[in-house]
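Please look over the model below before reading on. My notes follow as numbered points.

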Amino acid sequence: MGAILENALLYGKSFLSYGKVADYIPELAKADPSNLGICLMTKEGLMYPVGNWQVPFTMQSIAKTFSLILALQTAGYDKVFSKVGMEPTGDCFDSIVQLETKQLYPFNPMINAGAIVTVSCIECSDPFSEFLQLVKQLCFNDTVRLNEQVYLSEKHTGQRNRSIAYLLLSDHILEGDPEPILDSYFRMCSVEVNTQDLARFSLILANDGKDPVTGKQMVEDWIIRIVKTLMLTCGMYDESGEFAVKAGIPSKSGVGGGIIAAADQGMGIATYGPVLNKKGNSIGGIHMLEYLSRELNLHYFANKTDTAV
Ligand code: DON
């Protein structure tokens, strides 16, 4: 396993010159473009880390998986999916045009518009502190915290998300003042983690909500099924179809450079590499996951009687 991961890392590195670090959120531009790492966890509780797996980064859109879990837990299926759909968009993650031209409701909870609505559905007095609590629990790390600089940077430059929220308000999909909803959304995106934290979360996703080591059900399985399905169909934005064909692992990316992958055989994987491709996905991460999928036969629809693809 160690050698396969080292080779995945080398393969991923060979693509880094073809992308660039996100800079539309100024703080994110400070990331070191040479960083690349993976943390893989098996259901037996073994951990395989390689490269820059310990470097902290902000979750960004990976937060959309946690906020969806929290919305489904607190508000339930009917409320959440009366406000946001389940369809891939084929458009970029911060697209606004479909809200005017296709349908008023955001297409799915994995794009910015859908996540803002999902956050608005969370039923509790302090959505961000509940969110942080959930992240700590599912990452098994009590020290996870907000990166204040990234949060402020997002808040000050988030005019596009603000436009989306006010458009949703005018169409009565958001209820109440958009500013606190946006504030929670910006904070959630700015929570700092590393690949070990996210590999633990991916392990829970890969094992239907159960911690395979203790056997404890951490999240109800019906919620995990929804989250993983939307990760497979929408988690990599307008690259979701291609990634599903090539890697076939329910995954979610963030512009901070992270990707979580809930792999077959109950395996949790997280990758980090801040250099992104044109779709906003980590270019090294995508290629490393495609490599691992081939080498470890992780594609959900692979012929499981073959030893390798
Ligand atoms: O709202 C934003 O634009 C960012 N906080 C998150 C976007 C993101 O991570 C898209 N990812 N690939």
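1. Domain bounds here come from an automatic or database domain assignment. On that basis the protein chain splits into domain 1 (2-58 + 193-296) and domain 2 (61-189). Their C-alpha centres lie 20 Å apart. Domain 1 puts 35 residues into the contact and domain 2 puts in 35 residues, with contact meaning heavy atoms within 4.5 Å.

2. A word on the basis. This is a predicted model: local features need pLDDT of at least 70, side-chain atom pairs count only at pLDDT 80 or more, and totals for chains, interfaces and linings use all residues. Residues are numbered from 1 along each chain as its sequence is written, and side-chain values use heavy atoms, with hydrogens and water left out.

3. Where does the ligand lie relative to the domains? Both domain 1 and domain 2 give residues to its shell, so the ligand lies between them. The ligand is surrounded by 15 residues, counted when one of their heavy atoms lies within 4 Å of it. The closest are Tyr24, Gln60, Ser61, Asn161 and Tyr185.

4. The shell holds seven nonpolar residues, seven polar and one charged. Ala, Val, Leu, Ile, Met, Phe, Trp, Tyr, Cys and Pro count as nonpolar, Asp, Glu, Lys and Arg as charged, and the others, Gly among them, as polar.

5. Polar contacts (pairs of N or O atoms within 3.5 Å) deserve a look. A ligand oxygen is 2.6 Å from a side-chain N or O atom of tyrosine 185. For asparagine 112, the side-chain distance to a ligand oxygen is 3.1 Å. Alone, the ligand exposes 340 Å², and the protein buries 99% of that (Shrake-Rupley method, 1.4 Å probe).

6. An open sheet of three strands runs β4-β6-β5, with antiparallel pairing. Strands are DSSP runs of E, at least two residues, numbered from the N terminus; pairing needs at least two bridges. β4 (57-58) and β5 (145-146) are the edges, each with a single partner strand, so one side of each lacks a neighbour in the sheet. Two bridges join β5 to β6 (residues 191-193). Leucine 146 faces valine 191 in β6.

Methods. Helix = DSSP H or I, 4+ residues; strand = E, 2+ residues; numbered from the N terminus. Polar contact = N/O pair within 3.5 Å; in protein donor to acceptor, adjacent residues only side chain to side chain.
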